[in-house]
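Work through the exercises below with the model open. Try each task before reading its solution.

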Amino acid sequence: MSTAKPRADRAAEARVAATRIEAEGVDGVIVSWVDNAGVTRAKTVPVHALEPAARWGVGAAPCFDAFLVDDSLAPSGGPTGDLRLVPDLTGLRRLAAQPGWAWAPGDRWTQHGEPHPGCQRQFARRTADALADRGLTVRAGIEVEWIVDGGEPGPAYGMRRLIGNTDYLRDLLRALREQELTVLQLHPEYTEGQYELSVAPTGPVEAADTALLVRHTVQAVSLRHGLRASFAPVTAPGGVGNGGHLHLSLWRDGHNLGHGGPGPHGLTREAEAFLAGVLAELPALLALGAPSVASYLRLAPGRWSGPYRCWGLENREAALRLITGSAPEQANAEVKCFDAAANPYLAVGGVLAAGLAGLGDALRLPAETTGDPDGSAERLPATLDRAVDALRKSEVLRTALGEPLWQAVIDVREAEIARFAGLSDEQLVEAVRYRY
């Protein structure tokens, strides 16, 4: 259900949904959104109040646009005003690992029933709609990586670690299946206690919704097993952190434009232009997709984090990795430089906006990087302040975000840079480890 529907229609659908989930044992509904610092915030209503929440929304102050990762406020965060947080019931799910609860993503609206210009989810929807106006769609998915304290240790990608935590991982798979999510892969990752999970691709806004639902479920299942999950970019100085890699493919009339074309590795001209637009804006996109000061402890050469502004076929050091797959419909591109601190709606919307600009300018990709990019490719910004400088200079992203959202992101980034200035790597990691 789109929150753009008339209030009466939203209320009618909410009545039906409330009856269904109450029969399934649900007592309360969580409505969540993600702030500009990448922290998921939430309000809840009892199940019998879902109808008025869908009709009128739930109050949520605009000061959340200025929240930092540690709950302090950027200077722009004031005490006045109010917004309405409206659940999107198309994403409503009973939470298998939180008995008695359901969840829905929220859109933020003004008191007058207009889209809040700072709503990140509606920004992602606008960019997806702009692609649809060109007859194009995007299928997207966000990899979810996390690290848990506790559990059986074991080697990177090791069977020992999988066996030692088999009940935990089984319960996670069961919970996700009950929530109607299609898991493609789940495996131990590189760092001690780290796992990665991939789900089936969907539309771009839905992909961001799904990433949030997966994270909520991971946290809930982890706690039930006496574990504590972290999605922070880095959980130990010098260690490999948690990525939030964005996979996407461009489609027209049911055809994947990542194959069968005259461009590199079979890209059509449209797909090449789209990816060239993303590559062109990557320094500025880092301010959206790698938003924490701690993100740049992860984004370092030799860790396959994508720290170089280049592209390549199956090149895991390149920020933009092309994947042809074993079947034409599997062709996609991966933005590797993003991490799990990102607001997924800002990350998805920013990439789509950059791709749209590339389409508009009919851009072409530069020469491919076929080996280690060190010494042969430009480094992406190595600190958050440099990424923010790039965002300030990006007319593409400033226009796409709109002035209020663009300025709010800038304000939060600059405030976090100032707040964490002078901390050692150890202090910085400790400050953000359990905020995501």
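**Exercise 1. At what angle do helix α3 and α9 pack, and how far apart are their axes?**

Before the solution, two notes on the source. The model is predicted: local features need pLDDT of at least 70, side-chain atom pairs count only at pLDDT 80 or more, and totals for chains, interfaces and linings use all residues. Residues are numbered from 1 along each chain as its sequence is written, and side-chain values use heavy atoms, with hydrogens and water left out.

Step 1. Find the helices. α3 covers residues 120-133, and α9 covers residues 344-360. Helices (H or I, at least four residues) and strands (E, at least two) are DSSP runs, numbered from the N terminus.

Step 2. Read the geometry. The angle is about 30°, and the axes lie 8 Å apart. Axes are lines fitted to C-alpha atoms, for helices over the stretch in contact, and angles run from 0 to 180 degrees between N-to-C directions.

Step 3. Classify. The two helices, α3 and α9, are therefore roughly parallel to each other. Angles under 35 degrees count as roughly parallel, over 145 as roughly antiparallel, 65 to 115 as roughly perpendicular and the rest as oblique.

Step 4. Assign the hand. α3 and α9 cross in a left-handed way. Left-handed means that the near helix is turned anticlockwise from the far one by less than a right angle; right-handed means clockwise.

Step 5. List the contact (heavy atoms within 4.5 Å). Among the α3 residues are Phe123, Ala124 and Leu131; α9 gives residues including Leu346, Gly349 and Leu356.

Step 6. Sort by class. The contact of α3 with α9 has 11 nonpolar, four polar and one charged residues. Ala, Val, Leu, Ile, Met, Phe, Trp, Tyr, Cys and Pro count as nonpolar, Asp, Glu, Lys and Arg as charged, and the others, Gly among them, as polar.

**Exercise 2. Describe the packing of α5 with α6.**

Step 1. Take α5 at residues 166-178 and α6 at residues 204-224. Their axes come within 10 Å and cross at roughly 140°.

Step 2. That angle makes α5 oblique to α6. The crossing of α5 past α6 is right-handed.

Step 3. On α5, the contact uses Tyr168, Asp171, Leu172, Ala175 and Leu176; on α6, Val214, Thr217, Val218, Val221 and Ser222. Seven of these residues are nonpolar, two polar and one charged.

**Exercise 3. Describe the packing of α7 with α10.**

Step 1. α7 spans residues 269-289 and α10 spans residues 384-393. Their angle is about 115°, with the axes 7 Å apart.

Step 2. The crossing of α7 past α10 is left-handed.

Step 3. Pro283, Ala284, Leu286 and Ala287 of α7 meet Ala387, Val388, Ala390 and Leu391 of α10. This contact holds eight nonpolar residues, no polar and no charged.

**Exercise 4. What is the volume of the largest pocket, and which residues lie closest to its centre?**

Step 1. On a 1 Å grid over the protein atoms alone, a cavity is a set of points where a 1.4 Å probe fits but cannot get out, and a pocket is an open set with protein on both sides within 12 Å along at least five of seven lines; lining residues have an atom within 4 Å of a point.

Step 2. The volume is about 1100 Å³. It is the space filled by probe spheres set on the points, with grid points joined across faces, edges and corners.

Step 3. The lining has 40 residues; Glu143, Glu196, His247, Arg321 and Glu334 are the closest to the centre. By class, the pocket lining has 14 nonpolar, 14 polar and 12 charged.

**Exercise 5. How many cavities of 30 Å³ or more does the whole structure hold?**

Step 1. The search finds four.

Step 2. The largest cavity holds about 120 Å³. Its 17 lining residues include Leu248, Ser249, Leu250, Gly258 and Leu275, which lie nearest its centre. The lining has 11 nonpolar, six polar and no charged residues.

Step 3. The second largest cavity holds about 70 Å³. Helix α9 gives the most to its lining, with three residues.
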